[in-house]
Amino acid sequence: MRAVLSRLAVGGAALLAGAATLLLGPAVPAHADTVFIEVNPSTILAGYQVALRGSCGANPNAAKATSSAFGTVTLTPEKGFLIGSATIPSDKKPAGYSVKLTCASGSTATTTVWVISASSTPTKGPNTGGGYLAHGGGGTGLLAGGLAAVAAGGALAFWTARRRREVRQ
């Protein structure tokens, strides 16, 4: 009896969820009402081109992206987004430059593009352990120890298999 009631409860919950989906309609993407601007790549060498992607929410009209890094660019609607590109002049000084999207509705969004020069020195990477084995820190000793452990395991397996045959006879 419990199993029947459990099945009825699960079936009823599934029907209720299906009905709610039909009544409420499909889910709307989270960015449908958001205004945003993206720059890809967000860090670029002066003299190269960046791609701009944005959204003015439900407003499908063209919009303007403005920055002191590249001037003003018109973003045009394409596949639900506003798309465009801009070239950073080669004489642009390394710095972070604000990029502002201005929609036809008056809504705005801002992000930053980071311009670097070819002579910029990279920052130090993460400490990942010092490279002990890469700098000759006992790699051959560890390799020999590993091979010895594998050989010992093989010898133990051979000895165990041989003892089992002796016991059965």
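What share of the contacts in the chain with a separation of 6 or more is accounted for by residues 24 or more positions apart? The share is 52%, where contact means heavy atoms within 4.5 Å.

1. **Basis.** This is a predicted model: local features need pLDDT of at least 70, side-chain atom pairs count only at pLDDT 80 or more, and totals for chains, interfaces and linings use all residues. Residues are numbered from 1 along each chain as its sequence is written, and side-chain values use heavy atoms, with hydrogens and water left out.

2. **Overall fold.** The chain has two helices and eight strands. Along the sequence the order is α-β-β-β-β-β-β-β-β-α. Both element types are DSSP runs numbered from the N terminus: helices are H or I with at least four residues, strands are E with at least two.

3. **Burial and surface.** Of the 169 residues in the chain, 19% are buried. Buried means under 20% relative accessible area, exposed means over 50%, and partly exposed is in between (1.4 Å probe, protein chains only). The chain exposes about 12,200 Å², and carbon and sulfur atoms supply 62% of that area. Accessible areas come from the Shrake-Rupley method with a 1.4 Å probe; for residues, only the protein chains shown count as cover.

4. **The disulfide.** The count comes to one disulfide, taking a pair of cysteine sulfur atoms within 2.5 Å as the rule. The partners are C56 and C103, with their sulfur atoms 2.0 Å apart. C56 lies in strand β3 (residues 49-56) and C103 in the loop between β7 (95-102) and β8 (108-116), so the pair ties together parts that are 47 residues apart in sequence. The torsion about the S-S bond of C56 and C103 is about -90°, so this disulfide is left-handed. C56 and C103 are both buried.

5. **Partners of β3.** Strands pair if DSSP finds at least two bridges between them. β3 pairs with strand β1 (residues 35-40) in the antiparallel sense, over six bridges. There, V35 has C56 of β3 as its bridge partner. That cysteine also belongs to the disulfide with C103. β3 is also joined by six bridges to strand β6 (residues 81-87), again antiparallel. Q49 stands opposite T87 in β6.

6. **S67 in β4.** Is S67 buried or exposed? S67 is buried, with a relative accessible area of 6%. This serine lies in strand β4 (residues 63-67). S67 touches Y97, S98 and V99, leaving aside residues up to four places away in sequence.

7. **Nonpolar patch.** L45, Y48 and I116 form a nonpolar patch on the surface, with about 260 Å² of accessible area together. Patch residues have over 30% relative accessible area and no salt bridge; like charges are joined within 9 Å, nonpolar side chains (Val, Leu, Ile, Met, Phe, Trp, Tyr) within 5 Å. A salt bridge is a side-chain nitrogen of Lys or Arg within 4 Å of a carboxyl oxygen of Asp or Glu. L45 lies in strand β2 (residues 43-45). L45 is partly exposed, at a relative accessible area of 32%.

8. **Backbone points to check.** Most residues other than glycine have a negative phi, and most peptide bonds are trans. Two places depart from this. N40 and P41 are joined by a cis peptide bond, with omega about -5°. P41 is found in the loop between β1 and β2. K79 has a positive phi, near 55°, and is not a glycine. K79 is in the loop between β5 (71-78) and β6. K79 is exposed, with a relative accessible area of 80%.
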